[in-house]
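The sequence and the structure come first.

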Amino acid sequence: MKYDELKALIQEARTTRRFEKNKKVSLEDLKEIIDLARITSSAKNMQPIKYILVTQEDAVQKLAQTAAWAAHLKEWNQGEDERPSAFIIMLNDQMIDGFPMFDAGASFTALSLAAKSKGLATCPMASIDKKLCKELFVIPDSYDVMIGIAVGVGLEDVKIVDTDELDTNYYRDENQTHYVPKRSLKQIIAGEY
């Protein structure tokens, strides 16, 4: 893969909060996506991250209904026709000594890119109802629910825009295009030596 192809894939793999209705995501697709996440970098190679794959419609609907979607968009809430087709629940196995936040980030990056390569979109959600996850799924006490990742066919037009401001809150215009402000390269490089 060439740099420009990778750059395009990363630019297109944007977080999505609206999904196409009645577009199923197969368990096999989720397994293939997780298989790529499985082989990403892991701090100390301890691999504490585990996953629950959710494609059963009832469980997906319960998770989608109880999640807080797009906190910065005060006038919007996800409608029934915009819900995802699947979820991946990311867990930290607390019995394994590692750096789960690093591993979770590396894992999410890989799985979001893998999903995009399959024509799917993702949305990582710290707002997933962790208590509901424990009620719906068999989760050992030693596993901590970290995030839920909504998966489906994206229904949003998402644009990256540069910002010179301190405000990085995403927003939508009158056409419901979703804008994601990103700090400039100059703003994030703290030094060159």
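D167 sits in the loop between β5 (158–163) and β6 (171–172) of this predicted model. D167 counts as partly exposed because its relative accessibility is 46%, which falls between the 20% limit for buried and the 50% limit for exposed. Together with D162, D164 and E165, D167 forms a negative surface patch.

The whole structure holds 12 salt bridges.

| Salt bridge | N to O distance |
|---|---|
| R18 and E156 | 3.3 Å |
| E20 and K23 | 3.7 Å |
| K21 and D81 | 3.1 Å |

R18 and E156 are both buried.

K21 and D81 form a salt bridge that links distant parts of the chain, 60 residues apart: K21 is in the loop between α1 and α2, and D81 in the loop between α3 and β2. K21 is partly exposed at 48% relative accessible area, and D81 is partly exposed at 46%. In the pair of E20 and K23, E20 is partly exposed at 26% and K23 is partly exposed at 38%.

The largest nonpolar core has 27 residues, of which V54, L63, W69, F87, I89 and F137 touch the most other members. Elements that each supply at least two residues of this core include β1 (49–54), β2 (86–93) and β4 (143–152). The largest share, 4 residues, comes from α3.

Technical notes. Residues numbered from 1 in each chain as written. Predicted model: local features only at pLDDT ≥ 70, side-chain atom pairs only at ≥ 80, totals over all residues. Heavy atoms only, no water. Patch = residues over 30% accessible without salt bridge, like charges linked within 9 Å, V, L, I, M, F, W, Y side chains within 5 Å. Areas by Shrake-Rupley, 256 points an atom, 1.4 Å probe, with all protein chains shown as cover. Salt bridge = Lys/Arg side-chain N within 4 Å of Asp/Glu carboxyl O. Lys, Arg positive; Asp, Glu negative; His and termini not counted. Charge placed at Lys NZ, Arg CZ, Asp CG, Glu CD. Buried < 20%, exposed > 50% of the residue type's maximum accessible area, 1.4 Å probe, protein only. Core = buried A, V, L, I, M, F, W, Y, C linked by side-chain atoms within 4.5 Å.
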